[in-house]
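Work through the exercises below with the structure open. Try each task before reading its solution.

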Amino acid sequence: MKITKTSPFSGLTNVMDINITQEQYLAWLDGTLIQNAMPNISADEREFIMTGITPSEWEENFGASEEEEEEDDGQPSWEQEWEDFGEVYSDEY
């Protein structure tokens, strides 16, 4: 479904082709939470439907897009784990 929205940042009208049905869109308009009405689409697509902000405008104004941001769970990355493993079990002492 082609969704046309005007960006509050640039004032430009953008069109995004999003894989949703008319029923999903109407459910959202009728008050269903967008993530419940359209669970099959990305956060960037939901943002565009709700606000008209494109992923590139989001990144320009707020940094990384919602999909690019990684939540910090306080655990080391696999790269850090691998590096630590190599240091502990290295034959070079």
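This is a predicted model: local features need pLDDT of at least 70, side-chain atom pairs count only at pLDDT 80 or more; totals for chains, interfaces and linings use all residues.

Residues are numbered from 1 along each chain as its sequence is written, and side-chain values use heavy atoms, with hydrogens and water left out.

**Exercise 1. List the elements in order.**

Step 1: The protein has 5 helices and 2 strands.
Step 2: The order is β-β-α-α-α-α-α.

**Exercise 2. Describe how the strands pair.**

Step 1: Locate them. S1 covers residues 2–6, and S2 covers residues 13–17.
Step 2: Find the sense. They pair (at least two DSSP bridges between them) antiparallel, over 5 bridges. Thr6 has Thr13 in S2 as its bridge partner.
Step 3: Inspect the turn. The hairpin leaves 6 residues between S1 and S2, and Gly11 there has a positive phi of about 80°.

**Exercise 3. Find the largest nonpolar core and follow one member.**

Step 1: Apply the rule: buried Ala, Val, Leu, Ile, Met, Phe, Trp, Tyr and Cys residues joined through side-chain atoms within 4.5 Å. Buried means under 20% relative accessible area with a 1.4 Å probe, protein chains only.
Step 2: Collect members. The largest core has 12 residues, including Ile3, Met16, Trp28 and Ile49. Helices H1 (22–29), H2 (34–37) and H3 (43–51) each supply at least two of its residues.
Step 3: Follow Ile49. Leaving out residues up to four places away in sequence, Ile49 touches (heavy atoms within 4.5 Å) Ile3, Lys5 and Trp28, among others.

Notes: Helices (H or I, at least four residues) and strands (E, at least two) are DSSP runs, numbered from the N terminus. Buried means under 20% relative accessible area, exposed over 50%, partly exposed in between (1.4 Å probe, protein chains only).
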